[in-house]
Amino acid sequence: MSFLVNLALGLLFGIGLVVSGMADPAKVLNFLDFSGTWDPSLAFVMGGAVVVTFLGYRLVLKRPAPVAAERFHLPTARGIDERVVIGPAIFGFGWGLSGFCPGPALTSLGIGAPGTLVFVPAMLVGMWAARLAVARFRVAYPD
Amino acid sequence: MTEFTPWASLTGGALIGLSAVLLMAWEGRIAGISGIAGRLLPPWTDEATPSRLGFVIGLVAAPLAWFVATGSPVVQTVSSNLPLMAAAGLLVGFGSTWGNGCTSGHGVCGLARLSPRSVMATAVFMAAAVLTVLVVRHLM
């Protein structure tokens, strides 16, 4: 059941990426290019998503528990540490090179562009390496 | 050159937000794609693997569903510089997992929770990406 619900929610998320134009790396790169062909669309995507999520979370998190789990799994880490500086810096570098972040890259997989077919396996290797490194060096890894 | 699409982008963003809210309502998890995809890889530490697999299959199926529903294919321009895309993929995968989130986990869900860590992460990846595009497009 949770598999099917998640499939529907993944589909909704992916349709959101398609409708918003974020499945096109060119649109993302043009947002990041202030001194060139600037396309502000990405700010509207994030704005729409953050407002809906902010309002929705306020309603949902008032409930004692989610529908299909015993408790809400919210991140427990507090305060700024190197994890939220170094990680995002590396991620942003790759994002600026390609125009892909993880969601749009996965959504683009079936469209089958050669660049995507190279990017996604490399991304999964990078994720796996980071997970192993986190486990190896016992860095705090909250859910 | 890409066309500025405020309404479509706002609508698409709202759908992404709706997905994030419903995922929290259903099983109480953050809709962060790097976390969902990264935890599909071993070691598996909880019993949410089938859920994550479902979410990723849905994400991947979205362009096909869109095409079937509307008859219009998803138009995109992806770099065909394959060594660059391989390097970028490694950086995105490693960095987003090391940083505990990407554009969705930090940039949408984290900002919506007013999390200081997510505000920091979002500011850093935005700045790094803007700087990278500036160097690649205008200074190289």
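Tutor: A nonpolar core is a set of buried Ala, Val, Leu, Ile, Met, Phe, Trp, Tyr and Cys residues joined through side-chain atoms within 4.5 Å, where buried means under 20% relative accessible area with a 1.4 Å probe and protein chains only. This is a predicted model, in which local features need pLDDT of at least 70, side-chain atom pairs count only at pLDDT 80 or more, and totals for chains, interfaces and linings use all residues. Residues are numbered from 1 along each chain, chains are lettered from A and ligands numbered from 1 in the order written, and side-chain values use heavy atoms without hydrogens or water.

Student: Which residues have the most contacts inside the largest nonpolar core?

Tutor: They are A:Phe13, A:Leu32, A:Leu42, A:Trp95, A:Leu106, A:Phe119 and B:Phe55, in a core of 55 residues. Helix α1 (residues 6–27) of chain B gives the most to this core, seven residues; a helix here is a DSSP run of H or I with at least four residues.

Student: Why is this core said to lie between domain 1 and domain 2 of chain A?

Tutor: Both domain 1 (1–74) and domain 2 (79–143) give residues to this core, so it lies between them. The bounds come from an automatic or database domain assignment. The C-alpha centres of these two domains of chain A are 17 Å apart, and their contact takes 13 residues from domain 1 and ten residues from domain 2; contact means heavy atoms within 4.5 Å.

Student: What does A:Leu32 touch?

Tutor: Leaving out residues up to four places away in sequence, A:Leu32 touches A:Trp95, A:Gly96, B:Ala129, B:Val130 and B:Val133.

Student: How many cavities of 30 Å³ or more does a search of the whole structure find?

Tutor: One. A cavity is a set of points on a 1 Å grid over the protein atoms alone where a 1.4 Å probe fits but cannot get out, and lining residues have an atom within 4 Å of a point. The largest cavity has a volume of about 210 Å³, and 18 residues line it, with A:Leu17, A:Cys101, B:Ile16, B:Thr103 and B:Ser104 nearest its centre.

Student: Where does the largest cavity lie, and why?

Tutor: Domain 1 (1–74) and domain 2 (79–143) of chain A both give residues to its lining, so the largest cavity lies between them. The largest share of that lining, four residues, comes from α3(A).

Student: What classes of residue line the largest cavity?

Tutor: Its lining has 15 nonpolar, three polar and no charged residues. Asp, Glu, Lys and Arg count as charged, Ala, Val, Leu, Ile, Met, Phe, Trp, Tyr, Cys and Pro as nonpolar, and the others as polar.

Conventions
Buried < 20%, exposed > 50% of the residue type's maximum accessible area, 1.4 Å probe, protein only. Helix = DSSP H or I, 4+ residues; strand = E, 2+ residues; numbered from the N terminus. 1 Å grid on protein atoms, 1.4 Å probe; cavity = no way out; pocket = protein on both sides within 12 Å on 5 of 7 lines; lining within 4 Å. Points joined across faces, edges and corners; volume = space filled by probe spheres on them.
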